Amino acid sequence: MSRPPLNSPFLLGFDEIERALERVTRSGADGYPPYNIERLPRTENEPERLRITLAVAGFTRDQLDVSLEENQLVIRGRQIEERERHFLHRGIAARQFQRAFLLAEGMQVLGADLVNGLLSVDLVRPEPERVIKKINIIARD
């Protein structure tokens, strides 16, 4: 694997970002469950936010878990196999999944909602304060 382009001498202290990029490129390319990520505009009552929507048809609220693990949003689904059912054809599998999204520092999860087989998780990033700090120069003779 080629090294991400963060080895410039002008980019100092970005080791954590480099590790995050390596982790994301190594993550599996499994497409289940499918998902959307959308930007929701600022309204009178709410700040601009991101919404991750996963298609989780067949899962109940009790079979889904949404958690923050350090700087990752992890969404898991686990369906329990019903042994007493006899299928003549089975095209819908009881399938487990785990989907992880790496969050930037400061991102906050506002909440999760399950409607009509779609799990939506809303995220917001509070506006950072602009910090300007004057550095004194010491003259040495």
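N116 sits in the loop between β6 (108-115) and β7 (118-124). Strands here are DSSP runs of E with at least two residues, helices are runs of H or I with at least four, and both are numbered from the N terminus. N116 is not a glycine, yet it has a positive phi of about 55 degrees. N116 counts as exposed because its relative accessible area is 78%. The cut-offs are these: buried means under 20% relative accessible area, exposed means over 50%, and partly exposed lies in between (1.4 Å probe, protein chains only).

This is a predicted model, in which local features need pLDDT of at least 70, side-chain atom pairs count only at pLDDT 80 or more, and totals for chains, interfaces and linings use all residues. Residues are numbered from 1 along each chain as its sequence is written, and side-chain values use heavy atoms, with hydrogens and water left out.

## The whole chain

The protein chain has one helix and seven strands. Along the sequence, the pattern is α-β-β-β-β-β-β-β. Of the 141 residues, 23% are buried.

Take the contacts between residues at least 6 apart in sequence: 46% of them join residues at least 24 apart. A contact means heavy atoms within 4.5 Å. The accessible surface of the chain is about 11,800 Å², and carbon and sulfur atoms hold 50% of that surface. Such areas come from the Shrake-Rupley method with a 1.4 Å probe; for residues, only the protein chains shown count as cover.

β3 and β4 pair in the antiparallel sense, over six bridges. Two strands pair if DSSP finds at least two bridges between them. V66 has I75 in β4 as its bridge partner.

Two residues lie between the strands of this hairpin, where E70 takes a positive phi near 60 degrees. E70 is not a glycine either. Its loop runs between β3 (64-69) and β4 (72-77). Is E70 buried or exposed? E70 counts as exposed because its relative accessibility is 81%.

In β5, the covered face has F97, R99 and F101. The uncovered face has Q98, A100 and L102.

L103 comes in the loop between β5 (97-102) and β6. L103 is buried because its relative accessible area is 10%. Which residues does L103 touch, not counting those up to four places away in sequence? They are L68, N71, L73 and L123. L103 and E70 are 33 residues apart in sequence, and their C-alpha atoms are 9.1 Å apart in space.

## A pocket

Rolling a probe the size of a water molecule over the atoms shows where empty space is left. The second largest pocket has a volume of about 320 Å³. On a 1 Å grid over the protein atoms alone, a pocket is an open set of points where a 1.4 Å probe fits, with protein on both sides within 12 Å along at least five of seven lines. Grid points are joined across faces, edges and corners, and the volume is the space filled by probe spheres set on them.

The lining divides into eight nonpolar, five polar and four charged residues. Nonpolar means Ala, Val, Leu, Ile, Met, Phe, Trp, Tyr, Cys and Pro; charged means Asp, Glu, Lys and Arg; the others, Gly among them, are polar.

Conventions:
1 Å grid on protein atoms, 1.4 Å probe; cavity = no way out; pocket = protein on both sides within 12 Å on 5 of 7 lines; lining within 4 Å.
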